[in-house]
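Welcome! Please take a look at the structure below, and then we can walk through it together.

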Amino acid sequence: EWNQKSAAEALAKHLAGDERTAQQLLALLRSAADPRITAYTLHALALGWPEEPSIPDILKLARSSSELTLKTVATCHRVRRGEHDADDKAFLLALARDSLHGSYLWRDEAAMALAKGWPGDKTIKEAALKGLRERVVGRGPMDADYAVPFLLAAYPQDDEVAECIATIFRNEEHPQHLFGIGRPWASMAAAFGGHLRLRDAIDDWFEKVAPKTFDEDACLVSGSERAKRALMALPCTPTIWGGTKSVRTLIEGWGVADKEVIAHLDSVASREDMRPFIADILPKITKDKDACRKELLGYLRTQPEWVADYALEGLAELGSDGNDEEVVEAALDKWCAKVPSGMAWAGVNILIERFHKHPRVRELACHQVANRDGSIGRVARAYADDAEIRAALVNSLGSLPAALRLIVVEWMS
């Protein structure tokens, strides 16, 4: 289903506005026997052709479906278009009460729709707060998994919501199970960054658990000097599993213009064993760019695959691209023909994203498309204007129904 959703959204993005495609999608909607095929065909149509006159009636009809994904897609698009009513609200609230019975991929979008469609609704806010406090799945007014994205979207910087979240941080050792796992801390930072009621609670929690957690990103929500000092107090180790997470969080939250941060980075960089593991950061703190390039090339050639990608990222930061033969050849020697299956092949992703103009990198991209485990999404973004690769990408959309794949094939031919 994840591939179906992604493929439908890619279809809408690249074919948006094409009248022939719109008519083919409409024909597919009328003939599709599988409601999930109908759901993602409708999703593509509503995203790429919002002005199609028949969409309001189709969405209203689809909302009455007994298939939850189709009904959720239709309801979310009705809210997006401003055509929602009380029945849409009732359905979204029913999903919120038992989110396990809905599509996981549409949980956050359904919560966002509830926030967008009924802003300031006190009853919904109270249900979400109660669900967040009690965290009883399927038996409360709103499941916590639904309440979190709803509250972040609907009530940024709200004192009552901030206090509710702060209480969880004060009373639980692992609040990240609710706020961090599966949901970036950045979402909370965007909604409640620096809020006074939340800041101290997060700082207290992080100082207590910091040595045994990888949740340094929680400090981005606080944004305090105390959080910054807590991050700088953490040890940096020459490992890929969180050993440099604290310095990366410092850069993201406070930047290299902060004198204390830059001093801390210089201290970490003074350790020879750490330098390969922060190779992507070195260009930010090294004045001699030629010396930095030489050092990074050395790491690219000599470090194992799961470390050398830091050097490749750093070289890209220095300005290297697909025209830099020396860097590309060294990187291809390291990763050529690899299909990403974990952190070891992160360099392949960087090559495709940052060095895609090189002909041999293009060959590597084609290899990704031909393999089910390849970085299809990155290839699609990097080579959106490449007709041959776009055609090859069609074969990767196996989760799309045959008729929908035919639309893409015909359009690309």
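## Before we start

Two residues are said to be in contact when they have heavy atoms within 4.5 Å. This is a predicted model, in which local features need pLDDT of at least 70 and side-chain atom pairs count only at pLDDT 80 or more, while totals for chains, interfaces and linings use all residues. Residues are numbered from 1 along each chain as its sequence is written, and side-chain values use heavy atoms, with hydrogens and water left out.

## The whole chain

The chain has 26 helices and zero strands. Both are DSSP runs numbered from the N terminus: helices are H or I with at least four residues, and strands are E with at least two. Of the 413 residues, 51% count as buried. Here buried means under 20% relative accessible area, exposed means over 50%, and partly exposed lies in between, using a 1.4 Å probe and protein chains only.

Among contacts in the chain with a separation of 6 or more, 64% come from residues 24 or more positions apart.

Start with Ser246, which is found in helix α16. Is Ser246 buried or exposed? Ser246 has a relative accessible area of 2%, so this residue is buried. Leaving aside neighbours within four places in sequence, Ser246 is in contact with Glu216, Leu231, Leu234 and Cys236.

Now look for Ala190, in helix α12 (residues 185-192). Ala190 counts as exposed because its relative accessibility is 71%. The C-alpha atoms of Ala190 and Gln157 are separated by 9.3 Å, and these two residues are 33 residues apart along the chain.

Helix α5 covers residues 68-81, 14 residues in total, and reaches 20 Å from its first C-alpha to its last. That is close to the 20 Å expected at 1.5 Å a residue, where the expected span is 1.5 Å times one less than the number of residues. α5 is mostly covered, with 10 of its 14 residues buried. Among them are Leu70, Val73, Cys76 and His77. The buried residues of α5 pack against α3 (35-48), α4 (55-63), α6 and α7.

In helix α15 (residues 225-233), the buried residues are Ala227, Lys228, Ala230, Leu231 and Met232. Their cover includes α13, α14 (218-222), α16 (245-254) and α17 (259-269).

## Two pairs of packed helices

Two packed helices are described by the angle between their axes and the distance between the axes. The axes are lines fitted to C-alpha atoms, for helices over the stretch in contact, and angles run from 0 to 180 degrees between N-to-C directions. Helix α10 (residues 159-171) and helix α13 (residues 196-209) pack at about 15°, with their axes 8 Å apart. α10 and α13 are therefore roughly parallel to each other; angles under 35 degrees count as roughly parallel, over 145 as roughly antiparallel, 65 to 115 as roughly perpendicular and the rest as oblique. The residues making the contact include Phe169 of α10 and Trp205 of α13. By class, this contact has eight nonpolar, no polar and four charged residues. Ala, Val, Leu, Ile, Met, Phe, Trp, Tyr, Cys and Pro count as nonpolar, Asp, Glu, Lys and Arg as charged, and the others, Gly among them, as polar.

Helix α6 (residues 86-97) and helix α7 (residues 107-117) pack at an angle of about 135°, with their axes 10 Å apart. That angle makes α6 oblique to α7. Lys89, Leu92, Leu93 and Leu95 of α6 meet Ala110, Ala113 and Leu114 of α7 in this contact.
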